[in-house]
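Biologist: I am new to this structure. Could you take me through how its parts pack together?

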Amino acid sequence: GLAGSAIDPWVSPHHGTIGMNRRRPAKFLLYGALSLSGILAWAGHFGLAYGVQHLICQSALIPASLWHVILAAATGLFVACIALVSRHTWSRNVFRDPDGDVSQFFTSVTLILLAISLFGILMTAIAGFMIPVCDSLR
């Protein structure tokens, strides 16, 4: 077949398979999760910001005045997570490739997605602080 040839994009001529490594699928999954970590954090923050707000407004157990504290804590947590992943990705050669092109691509994509996700998290938090907590839900 095409495995090991220059046509197969998953095989490096210097180091064997680099992407869908058939011997190490966990490493490929780790690279994918690291690359998408910003998007996952953004989705988690978005779900928390709008989902928990509805629960707080409908619940008699939690006062609505705590919403801004919860939102600020969640935003701080998710921003810290993005900062840690960004630092880890930037400071270390996480995506190792003998050719350099694949690692440079994965590092660039990861950092761009983290920056976009950080912007999305901050905009969601700003909107959450600007809109009255439960008035819009009644």
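This is a predicted model: local features need pLDDT of at least 70, side-chain atom pairs count only at pLDDT 80 or more; totals for chains, interfaces and linings use all residues.

Modeller: With residues up to four places away in sequence left out, Ala49 touches Trp67, Leu71 and Thr124.

Biologist: Is Thr124 buried or exposed?

Modeller: Thr124 lies in helix H4, residues 101–130. Beyond its neighbours within four places in sequence, Thr124 is in contact with Trp42, His45, Phe46, Ala49 and Tyr50. Its relative accessible area is 7%. Buried means under 20%, so Thr124 is buried.

Biologist: How far apart are the end C-alpha atoms of helix H2?

Modeller: H2 covers residues 37–58, which is 22 residues. At 1.5 Å a residue, H2 should span 32 Å. The distance in the model agrees with that: 31 Å.

Biologist: Is H2 roughly parallel or roughly antiparallel to H3?

Modeller: H2 and helix H3 (residues 67–91) pack with their axes 10 Å apart, at an angle of about 175°. Angles over 145 degrees count as roughly antiparallel. H2 is therefore, relative to H3, roughly antiparallel.

Biologist: How many residues of the contact of H2 with H3 are charged?

Modeller: On the H2 side the contact includes Ala41, Leu48 and Gln53, and on the H3 side Ala74, Thr75 and Phe78. Of the contact residues, 12 are nonpolar and five polar. The number charged is none.

Technical notes. Residues are numbered from 1 along each chain as its sequence is written. Side-chain values use heavy atoms; hydrogens and water are left out. Helices (H or I, at least four residues) and strands (E, at least two) are DSSP runs, numbered from the N terminus. The expected span of a helix is 1.5 Å times one less than its number of residues. Buried means under 20% relative accessible area, exposed over 50%, partly exposed in between (1.4 Å probe, protein chains only). Contact means heavy atoms within 4.5 Å. Axes are lines fitted to C-alpha atoms, for helices over the stretch in contact, and angles run from 0 to 180 degrees between N-to-C directions. Angles under 35 degrees count as roughly parallel, over 145 as roughly antiparallel, 65 to 115 as roughly perpendicular and the rest as oblique. Ala, Val, Leu, Ile, Met, Phe, Trp, Tyr, Cys and Pro count as nonpolar, Asp, Glu, Lys and Arg as charged, and the others, Gly among them, as polar.
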